[in-house]
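Have a look at the sequence and the model first, then read on.

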Amino acid sequence: MKNIIDTIFANATRAIAFGVLLLLAWIFTVLFEHSLESLQAFGFDFILEDKWAPNLEKFGALPAIYGSVVSTFLAMVLAVPVAMGIAIFLSEIAHAKLKTPVGISIELLAAIPSVIYGMWGLFYFVPIIRDVFGGVGISMLTAGIVLSIMILPFMAAVTRDAMNTTPDILKESAYALGATKWDVIKDVVIPYAKSGIIGSFILALGRAIGETMAVTFVMGNVHKISTNLTEPATSIPVALANEFAEADSDLYYSSLFELALILLVVSFVIISIAKFYFLRRKRVGQ
Amino acid sequence: MATIVEITEEKALEVKNFEFTYAGADVPSVKKLDMPVAKNSITALIGPSGCGKTTLLRSFNRMHDLYPGNKYEGEILFKERNILLPKEDLIRLRIQIGMIFQKPTAFPMSIFDNVAYGLRLQGLKNKTELKDRVEKALQDAAIWNEVKDRLTHDANGLSGGQQQRLCIARAVAVEPEVLLFDEPTSALDPISTGGIEELIVQLRERVSIIIVTHNMQQAARVSDYTGFMYLGELIELGRTEELFVTPREKLTEEYITGKFG
């Protein structure tokens with residue numbers, strides 16, 4: 001009797017676990033199926049074409065890809081140094097009494113729904129960008145800044161957790177050789193936590209590249225490649241959020257699905273790299 | 001009061017009326033302790049868990065300062081200065097008084113860089129000099145032959161015993177005057193333990209050594225002097241061969257004959 005229950009339970013949990021894989025495959029299949037028309041119409045040129053003209057039935061993904069890459073890159077450049085600073089402060093420098101409240105508030109910030117970052121960006125940052133850098137304020141630069149603020153708490157929290165795994169005894173060994181706090185951080189803590197830190201950056205990158213609500217408010221959805229960061233732009237998720245409602249032709253609809261497919265594949269690759277390469281468990285005994 | 005044997009050698013360290021209280025604790029973990037440490041010899045500290053031997057050891061290089069709120073009282077004299085004064089330069093102190101820990105603590109870098117670490121911290125940049133001193137330290141730690149062909153490999157690839165000898169090489173590379181060993185073999189197998197013990201005995205010619213150990217046989221095998229601590233106090237300090245054969249304190253006798261601990 002016991003054995004039967006065990007078997008049923010084992011198979012039930014196995015079925016649920018495989019269900020997740022099925023779900024992933026299903027989503028992929030649906031996206032692929034709906035993209036077919038666009039894939040057939042444009043082929044590989046879809047990625048290289050920089051014109052997105054629904055009225056001419058001409059669709060190219062390059063401006064959206066460019067926007068996704070540039071806004072994410074801006075976000076990373078702005079967020080990485082700040083996140084490192086916060087993580088170092090929280091794991092190595094802050095007094096125990098400060099660690100907990102600051103750590104908790106960072107985790108709370110990470111839990112804010114991204115639409116709120118978007119609204120805040122629109123009403124607070126857009127005017128500032130307009131006054132300081134010119135343009136209309138709704139721009140690639142604004143999107144990059146809002147994104148960086150959005151991924152910052154998550155990045156800082158995971159980086160801090162990675163740094164906290166450095167054994168005290170290892171740090172003490174460096175102090176025992178006459179190292180200063182800075183020496184210990186740069187020679188022991190950061191190298192020891194390196195793969196976890198890089199993993200957290202890549203996970204944050206994955207979040208930034210797929211982020212929709214926070215940037216939809218401040219990016220403008222203009223399919224145009226411009227090197228001027230203060231001009232409106234678009235990204236894959238921004239285009240998807242804005243245009244599905246107005247997709248009036250099959251090809252338009254299918255092109256949006258192909259954009260989604262590209263985003264799914266890119267995010268999938270990024271998260272896989274982070275999870276399987278950088279965030280795997282350390283070997284036992286290390 | 002503690003029974004403390006007369007030390008005939010020059011003294012490397014002298015503990016006077018020393019008390020140590022951990023942050024937030026009401027009672028001191030080490031109480032009113034006086035203890036001489038002989039130069040170029042090995043002093044073992046034994047006693048049951050929680051007796052304060054590691055706490056005392058970590059006071060010699062002010063390791064407790066890494067955690068806020070800990071309190072020292074009394075004096076520890078080293079090179080005619082009281083190292084417990086706030087003005088003590090901890091970086092210089094920790095170069096002069098090195099430490100080896102319970103577990104091997106190879107840094108996440110190459111074997112060479114591990115041993116060169118302390119030297120580089122002191123600003124030594126000359127490549128040939130670095131190379132010479134790393135080689136000498138590895139030879140002193142009896143590990144040169146095992147690692148000379150793989151100095152650029154990650155130190156974490158070495159076995160536990162090899163890593164602990166690497167840590168000893170790293171500590172002797174900066175030429176300290178005193179070395180503190182905090183149960184250095186507790187994570188090692190008997191053969192590696194034997195190797196480390198042999199090494200500690202050899203090192204005595206150049207440094208003064210204090211070793212905390214849970215293992216009374218180890219204290220008997222390697223040390224010249226043994227101190228027995230109990231409940232934060234030093235009960236007896238004697239020549240090792242005398243302390244284990246003819247202890248003068250009743251508590252010491254009970255401990256070494258296994259009546260408690």
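## Ground rules

Two strands count as paired if DSSP finds at least two bridges between them. Helices (H or I, at least four residues) and strands (E, at least two) are DSSP runs, numbered from the N terminus.

This is a predicted model, where local features need pLDDT of at least 70, side-chain atom pairs count only at pLDDT 80 or more, and totals for chains, interfaces and linings use all residues. Residues are numbered from 1 along each chain as its sequence is written, while chains are lettered from A and ligands numbered from 1 in the order in which they are written.

## A covered strand in chain B

Let's begin with strand 10 of chain B, residues 225–230. Four bridges link strand 10 to strand 4 (residues 42–46) of chain B, and the two run parallel. Here L45(B) sits opposite G227(B). Strand 10 also pairs with strand 11 (residues 233–239) of chain B, in the antiparallel sense and over six bridges. In that pairing, M229(B) has L234(B) as its bridge partner. Strands 10 and 11 of chain B make a hairpin with two residues between them, and L231(B) in the turn has a positive phi of about 50°.

## An open sheet in chain B

Chain B also has an open sheet of four strands in the order 3-2-5-6, with antiparallel pairing. Strand 3 (30–38) and strand 6 (81–82) of chain B are the edges, each with a single partner strand, so one side of each has no neighbour in the sheet. Strand 6 of chain B is joined by two bridges to strand 5 (residues 71–78) of chain B, and F78(B) stands opposite R81(B) there.

## Two helices side by side

Helix 6 (residues 160–173) and helix 7 (residues 190–203) of chain B pack at about 15°, with their axes 9 Å apart. The axes are lines fitted to C-alpha atoms over the stretch in contact, and angles run from 0 to 180 degrees between N-to-C directions.

Residues are in contact if their C-beta atoms, placed from the backbone, lie within 7 Å. Among the residues that meet are I168(B) and V172(B) from helix 6 of chain B, and I196(B) and L199(B) from helix 7 of chain B.

Chain A has 11 helices and two strands, and its C-alpha trace spans about 70 × 70 × 30 Å along its principal axes. Of its 286 residues, 41% are buried.

The contact between the chains takes 18 residues from chain A and 22 residues from chain B. On the side of chain A that touches chain B, helix 7 (168–175) and helix 8 (181–210) of chain A each supply at least two residues. The largest share, six residues, comes from helix 7 of chain A.

Technical notes: Two residues are in contact if their C-beta atoms, placed from the backbone, lie within 7 Å. A residue is buried if 20 or more other C-beta atoms lie within 10 Å of its own, exposed if 12 or fewer, and partly exposed in between; C-beta atoms are placed from the backbone.
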